[in-house]
Each structure stands twice: as C-alpha cells, then as structure tokens.
Amino acid sequence: MLPILHLIAISLARAATFASPHPQASTTPCVETDTSTTASDTVITLSSTLTATVTASRSTTPVSSSSTVGPQTSPTSWLTVMASRVGSPIHLLPMNAAGYRFYLGGDTVSYCPTDVEETGDCPAGNQTVLSPCAMGALVPGGQHLYVTPNGEVGYTQAHSTFMPEGSVQCPFTYSKAPGATIGRLGLRAFGASGLIACPTYGGPWQVFANLKNMTAPRGNASQCLGFDPLALNTADIGVWQYT
Ligand SMILES: *[C@@H]1O[C@H](CO)[C@@H](O)[C@H](O)[C@H]1NC(C)=O
Ligand SMILES: *[C@@H]1O[C@H](CO)[C@@H](O)[C@H](O)[C@H]1NC(C)=O
Ligand SMILES: *[C@@H]1O[C@H](CO)[C@@H](O)[C@H](O)[C@H]1NC(C)=O
C-alpha cells in the first residue's frame, strides 16, 4: 500500500476516536476580488494563521468523541495538490502550474526577477502551491484562480486581472475531515462536479472542471479521467510568480 493511503487510513482512524484539537481558522486566504488585495496581505494572513495553529496544537488535549466537529472548510496553510486515481497513469502525479493552466505531471513553470534574486529572496520556484482562490506567489498583486466556460482551470498573470470572458473566480472548495492530515479540493463552477484530467499532445495531463461541454485538448472528452484532488498542507510559498 502507498504511504499516502496509510496516512489517510491513520487519520480516519484517529478521527473516529478523537475530535480535532485544532481550532478552525477564522481567516481564509480566499480572495474574492483581485483588485484590492495584495499577495503580501495573503502571506501575512497565512503565516499568522499557521502560527496560531501551531501554538494552539501544543497546548490542547484531545476532547471526547461525543462532541461534534464538522469538516474543516478553510485550509490553515497553503496547499499542494496531488491526483489520486488508483490504477491509472495519473495516480499520485502532482498538479503543476505551467502557461497559466494546470497539469498533472510535468514541471512548475515560474519566474523570479533578477533584483529579487540578488537579495536572495527568490523561493525555490519548483513547486505549485495554492489556496482555493489564489496561487502561492510572492509577486505584488498576487495571481488568482479561475475556470473558463470551456472548463480549463487557470490563473491570472502577474500584474494583471485578465481572465477569459465568462470565467468564474475562486473555483475551488476545500474540505478536511476532523483529525485528518490530508484534505480534498472540490470545484464549484458552471454546475461542474469535480476535476478531470485530459491527455494533451505534449505529455502531461491538463486539468479541467468536469463539464459536459468542456473542450478536450485532443478533441475527445472520453479520454479524460476523473480524479480525487488530494490537498496537502505546506508551509512554503511556492514561487515569486507562475508563468
Ligand atoms: C525543488 O528544489 C529544491 C532545491 O533544489 C529540492 O530540494 C526539491 O526537492 C525540489 N522540489 C520539487 C517538488 O521538485
Ligand atoms: C458550458 O455549460 C455551462 C453550464 O451550462 C455554461 O455556463 C457555459 O457557458 C458553457 N460553456 C460553453 C463554452 O458553452
Ligand atoms: C474517444 O476516446 C474513446 C476512449 O479512448 C475511444 O473509445 C473512442 O473511440 C474515441 N472517439 C473518437 C471519435 O476518437
């Protein structure tokens, strides 16, 4: 069995015995509009939430299983996403940002300016990190998530709020069972149920909302595979900006 599934099994077993000692975050990194919020606001919110969570978890003891605690619906840190579909070529591939779209597999494509590099402030830049609404990017203004009416999941360029006409912002939902270590993403846009990945001509699988009228990159939507998007907490902000 794969280690990640062990983790889930352990978390579920723990969840059955104890309610979560972790407080639910009172703030969220979600950005509903992208005109007034900057990436640094998001970073500050996230790091204070993280600190609060770490501090709180040191001093609490498990409470009785009779108390009811629902699933967590706001992440307490940034997330990395990995596909789960056992027995398929996409199983356990990371979800990576490249060219303002998402792929399972391939590489994260990012950029950090020379002046930032000179001060040693560039993040590693090789990991795709996100929240339900925004990319984990340090660039001022941030980069925001959307789904196009064709079903493509994408993100805005740095210093721009442009997205294709009719796109829906903040497409992801998040859910984590009490006591679990791994959460799951969902998707709410155009009545879609979840995420699918479709083969491209280039190699990696492109990520889409599961829409009946989506446009598959190779023209045949029956080649696309639904998957379970596992959301793992990460303390690291991924990159300066995704390109
Ligand atoms: C990113 O790069 C760092 C430093 O080179 C390396 O340690 C890490 O494993 C890489 N992560 C990924 C996801 O490739
Ligand atoms: C696909 O269907 C959704 C839901 O009915 C609709 O909102 C969207 O505009 C459609 N997309 C296209 C490209 O027609
Ligand atoms: C579309 O893909 C499915 C599954 O791979 C295949 O069975 C079907 O023949 C394909 N249709 C066309 C028109 O290529």
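What follows is a talk about the labels and the values behind them.

Modeller: Ground rules: this is a predicted model, where local features need pLDDT of at least 70, side-chain atom pairs count only at pLDDT 80 or more, and totals for chains, interfaces and linings use all residues. Residues are numbered from 1 along each chain as its sequence is written, while chains are lettered from A and ligands numbered from 1 in the order in which they are written.

Colleague: What is the average pLDDT of the protein chain?

Modeller: The average is 79, and 72% of the residues score at least 70. That score is the predictor's confidence in each residue, from 0 to 100. Over residues 1-66 pLDDT stays under 50. The model has 88 contacts beyond four places in sequence for that stretch, a contact being two residues whose C-beta atoms, placed from the backbone, lie within 7 Å.

Colleague: How many helices and strands does the protein chain have?

Modeller: Three helices and 13 strands. Both are DSSP runs numbered from the N terminus, helices (H or I) having at least four residues and strands (E) at least two.

Colleague: What makes Ala83 buried?

Modeller: A residue is buried if 20 or more other C-beta atoms lie within 10 Å of its own, exposed if 12 or fewer, and partly exposed in between, with C-beta atoms placed from the backbone. Ala83 has 23 of them within 10 Å, so Ala83 is buried. Ala83 is in strand E1. Leaving aside neighbours within four places in sequence, its contacts include Leu93, Met95, Leu104, Ala197 and Phe227. The C-alpha atoms of Ala83 and Leu104 are separated by 7.3 Å, with the two residues 21 apart along the chain.

Colleague: Why does Pro75 count as buried?

Modeller: Pro75 has 26 C-beta neighbours inside 10 Å, so Pro75 counts as buried. Pro75 is found in the loop between helix H2 (39-59) and E1. Not counting residues up to four places away in sequence, Pro75 touches Ser131, Tyr174, Gly183, Ala231 and Asn233. Across the chain as a whole, buried residues make up 37% of the 243 residues.

Colleague: Why are Leu92 and Tyr100 called partly exposed?

Modeller: Leu92 has 16 other C-beta atoms within 10 Å, so the label is partly exposed. Tyr100 has 18, so that one is partly exposed as well. Most residues other than glycine have a negative phi. Leu92 lies in the loop between E1 and E2, and Tyr100 is in the loop between E2 and E3.

Colleague: How do you know that E2 and E3 pair?

Modeller: Two strands pair if DSSP finds at least two bridges between them. Strand E2 (residues 95-98) and strand E3 (residues 101-104) have four, in the antiparallel sense, so they pair. Met95 stands opposite Leu104 in E3. The hairpin has two residues between the strands, and Gly99 there takes a positive phi near 60°.

Colleague: What about E3 and E11?

Modeller: Strand E11 (residues 205-209) and E3 pair over two bridges, again antiparallel. Leu104 stands opposite Trp205 there. Strand E12 (residues 225-234) pairs with E1 over seven antiparallel bridges, and Thr80 stands opposite Leu232.

Colleague: What makes the largest nonpolar core a core?

Modeller: A nonpolar core is a set of buried Ala, Val, Leu, Ile, Met, Phe, Trp, Tyr and Cys residues joined through C-beta atoms within 7 Å. The largest one has 52 residues, and those with the most contacts inside it are Leu104, Leu145, Ala197, Val207 and Ala209. Strand E1 (residues 78-84) gives the most to this core, with five residues. Setting aside neighbours within four places in sequence, Val207 is in contact with residues including Met95, Phe102, Leu104 and Ala197.

Colleague: Last one: which residues are around ligand 2?

Modeller: Pro149, Asn150, Gly166, Phe190, Gly191, Leu211 and Asn213. A residue is near a molecule if its C-beta atom, placed from the backbone, lies within 6 Å of it. By class, the shell has three nonpolar, four polar and no charged residues. Ala, Val, Leu, Ile, Met, Phe, Trp, Tyr, Cys and Pro count as nonpolar, Asp, Glu, Lys and Arg as charged, and the others, Gly among them, as polar.
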